[in-house]
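Student: Could you take me through one part of this model at close range, and then show me how the neighbouring parts are put together? I would like the cut-offs spelled out as you go.

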Amino acid sequence: MTARVPILEMEGISKRFPGVVALDNVSLTVGVGEIVALIGENGAGKSTLMKILGGAISRDSGTVKIDGQPVEVRSPREASALGIEFIHQELSVLDNLDVAANIFLRREPTTAGFLKLIDRKRIYRESDEILRRLGLRVASRTPLAQLSLAQQQLVEIARALSAGARIIIMDEPTSSLTLSETRRLLEITKDLKAENVSIIYISHRMHEVEEIADRAVVLRDGKNAGEIEGGEITHERMVRMMVGRDLKDFFKGAPAEKRTNGAGAFEVRRLRTLRYPNHQISFNVGKGEVLGFAGLVGAGRSEVARAIFGVDETIEVEVALNGQELRINDPQDAITHGIYLVPEDRRLSGLIVDFNVRENITLPNLESYSSAKIINRNKEVVAAREAVKAINIKTPTPEMRAANLSGGNQQKVVLAKWLTFSPRVLIFDEPTRGIDVGAKSEIYQLIRKLAAEGVSVIVISSEMEEVLGISDRIAVMHEGRLTGILERAAFSEEAVMRLATGTND
Amino acid sequence: MKKELGIFVLLIVLCIIVSVINPNFLLAINLQNLARQIGAFGIFSIGLGLVIITGGIELSVGSMMALLGVLLSMMLTEWRFGVPLAVLACIAIAMVLTLGHGLLITRLNMQPFIVTLCGLLFYRGLARFITNDETKGFGTVAGLDFLRFLANGNLFYIPMPFVLLIIISVVTWVALHRSVYGRYLFATGRNAEAARYAGINTNQIITFTYVIAGALTAISGIIFAFYTNSVSPANHGNAYELYGIAAAVLGGCSLRGGEGSVIGILIGTALLQVLRNLVNLLGIPSSLDFAVMGAVILLGVMADQIFTERRNRRQVALMRQSSALGEQS
């Protein structure tokens, strides 16, 4: 343990959700002015642990102590009163208000007297002070909508500081930042440490953790997997501790040696999306090949997927399948040509969660279970049952509402939708986000199986292990540009990261 | 199904109460009248219900009926159109207007509330303008027997509007609950984005639904015009859209879209008309009839909401219990 005075001690924390043990006897200690990195794969329990600390959910057992005193944190408000503040991965600022209003949200000082109006003078003055302290050269009266993502994030940090934060939890704070913005944030984090603020830093970016963490706490499958101190924090050690097994085992049925050399079964040329009109994207995916798409969040990968599938309009694009030019104006066109998308946000775009499993699976192919536009219920039920069985969707009945399934099984329902056709091109956007380890490896096997059957597969993924493990080649994007395509021989986390952060030029 | 059952029980209870207090409720003439009203209101309410399932709303129903009513009168009595042509023209005009609503909503992404609110104002104004604000009617003009029969006649004692409603309900029931269109409509109303990702042309589904609602409004409109036999452009059909919305909501349609049933809308319509009838029969001052309706709708929806909340809470409690049991084992 550290020699520092502990500010936070969480001991023996357990949490069960119906059917899952999210946390099993987990401990976490943070010293005053210490930066502790909390790392682990998705689903390892990091968020659950932090939600317990933040008062968003309750724990089943264990103790939480602040300054050695046992505390009960029952709501985010109580957490805030104890000096615990969150900087979320997704910004939680309100972009219809100005900077100062965001910083003082829910803690507005009021003027004396009868009316109790907001003390505008004071919030602007104090906000300006905090912004200066953070080195953010923006007036506190600026509408938040005019700020960049990075600046908005600093506003969140300003809010935490102005609330008197002693422990700041940063959840993937750099996931949407550029390299220079990331540098700035790391500097600020170090400054905060110097002011004796404690930081819990959650990140998948190993080199950031290497640079700033005093200690790394690793979680795996809801348990403590170990801790690494200061100078011994290396990329290697962290990954080994996080995964707890050899990566090769995980990606069973990994890329076969003999695969097509990418001689384009599916070709995309000169694609310009509305978001990044100045960059042209061209690539091809061979029959039976898995092309990974790596890059930071916001690099424009999902835009590429949506453009190909015809959800988003494009400025320009040429798509060809087996040498035949295709016109895709909307998803119906893509579906007609055997091109399918398993979208990023399963609950919003992939599924109708209030529909049952059967209705979801048959939705795109409904005409083929109908005669004269009237649905033949028997045919539909049989098709749904077969699909459920074929890819092992765990549900008591196809009549179960999709909302009641686990993330992994929901993802399989999305996939089952497309497998009722015979896909020629399948695009997966973050296929395993928020899915437990078991379902994950099932999805990987399905992807490999589809490729083996001759489908051209595109896998967009922000998880390094995943994209390295599943792909035959990896296309890397940075701010709307395709910065390179790596062959399997050139695969390494560093190579991908270099292209993804645009540090090659 | 549960939702419809609750409202159905409410309907039956109301009927029993009214007939106990005033047995005249059960007189054939009263029941016939009631059925006629239910038929005329039910037809356009079904259309409105479909629109509500898309997640939209249609506020121009009453004004459109006034406009169609005066046009029908002018076509038949002044311009001497034949009955089939006038009827088809009425339905076609309504479908073109609602096609406009659908296109503005889907192509220009305008809010249904705004588009149809403008329709409400515009069609009313137009009806008053083309008639110089004068009441139009059919008087005793000959050759309109068929249309008079549709509105005022009976088929084996059953009022024709009610017969029409039953036919239309059966067709819509199949379309909504058994056809591809119905499934697409629920998908679109529930989650338009996921529906698009599944390859459904949601714009087409939504526009088509507004057009169908337009056609049903025209049919109801023709019935109302001959039921009243004269159409005052300033008042005819005033606030009828609210009857339709109320019926749909009472019958389980959610204004968020993606939820509702033909049976529910029918029961909702019947409940509203029974309420109007009740105000008459129980000697409640007729100035109170809107107040009574408002109160009953509020109570109905409130009760439904309370039951839903309670059911949800019970489910959460059950899940907690089962996870606690898991802990011990």
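Tutor: Let's begin with helix H15 of chain A, residues 407–419: from first to last C-alpha its 13 residues reach 18 Å, close to the 18 Å expected at 1.5 Å a residue. That expected span is 1.5 Å times one less than the number of residues, while helices (H or I, at least four residues) and strands (E, at least two) are DSSP runs numbered from the N terminus. Please keep in mind that this is a predicted model, in which local features need pLDDT of at least 70 and side-chain atom pairs count only at pLDDT 80 or more, whereas totals for chains, interfaces and linings use all residues. Residues are numbered from 1 along each chain as its sequence is written, and chains are lettered from A and ligands numbered from 1 in the order in which they are written.

Eleven of the 13 residues of H15(A) are buried, so this helix is largely enclosed by the rest of the structure. Here a residue is buried if 20 or more other C-beta atoms lie within 10 Å of its own, exposed if 12 or fewer, and partly exposed in between, with C-beta atoms placed from the backbone. Among the buried residues are A:Val413, A:Val414, A:Leu415 and A:Trp418, but also A:Lys412 and A:Lys417.

Next, a sheet. Six strands of chain A form an open sheet of mixed pairing, ordered E16-E19-E20-E13-E21-E22; two strands pair if DSSP finds at least two bridges between them. The edges belong to E16 and E22 (481–487) of chain A, each with a single partner strand, so one side of each has no neighbour in the sheet. On average, neighbouring strands of this sheet are turned by 20° against each other, direction ignored. At one end of the order, strand E21 (residues 473–478) of chain A pairs with E22(A) in the antiparallel sense over six bridges, and A:Ile474 has A:Leu486 as its bridge partner in E22(A). Helix H18 (residues 493–500) of chain A packs on the sheet, touching E13 (290–295), E21 and E22 of chain A, and its direction makes about 35° with that of E21(A). Contact asks for two C-beta atoms, placed from the backbone, within 7 Å; axes are lines fitted to C-alpha atoms, for helices over the stretch in contact, and angles run from 0 to 180 degrees between N-to-C directions.

Five of its five residues are buried, so E19(A) is largely enclosed by the rest of the structure. A:Val425, A:Ile427 and A:Asp429 point one way from the strand, while A:Leu426 and A:Phe428 point the other way. On one flank, four bridges join E19(A) to E16 (residues 339–342) of chain A, and the two run parallel; A:Ile339 has A:Val425 as its bridge partner. E19(A) also runs parallel to E20 (residues 456–460) of chain A, with five bridges between them, and A:Asp429 stands opposite A:Ile460 there.

A:Ile308, in helix H10 of chain A, counts as buried because it has 24 C-beta neighbours inside 10 Å. Leaving aside residues up to four places away in sequence, A:Ile308 touches A:Val268, A:Val319, A:Ile339 and A:Ile427.

Six bridges join the antiparallel strands E11 (residues 266–273) and E14 (residues 314–321) of chain A, and A:Thr273 has A:Thr314 as its bridge partner in E14(A).

Finally, the contact between chains takes 27 residues from chain A and 22 residues from chain B. On the side of chain A, the elements giving two or more residues are strand E1 (6–17), helix H11 (331–336), helix H12 (346–350) and strand E18 (374–375). By class, that side has 16 nonpolar, four polar and seven charged residues, where Ala, Val, Leu, Ile, Met, Phe, Trp, Tyr, Cys and Pro count as nonpolar, Asp, Glu, Lys and Arg as charged, and the others, Gly among them, as polar.
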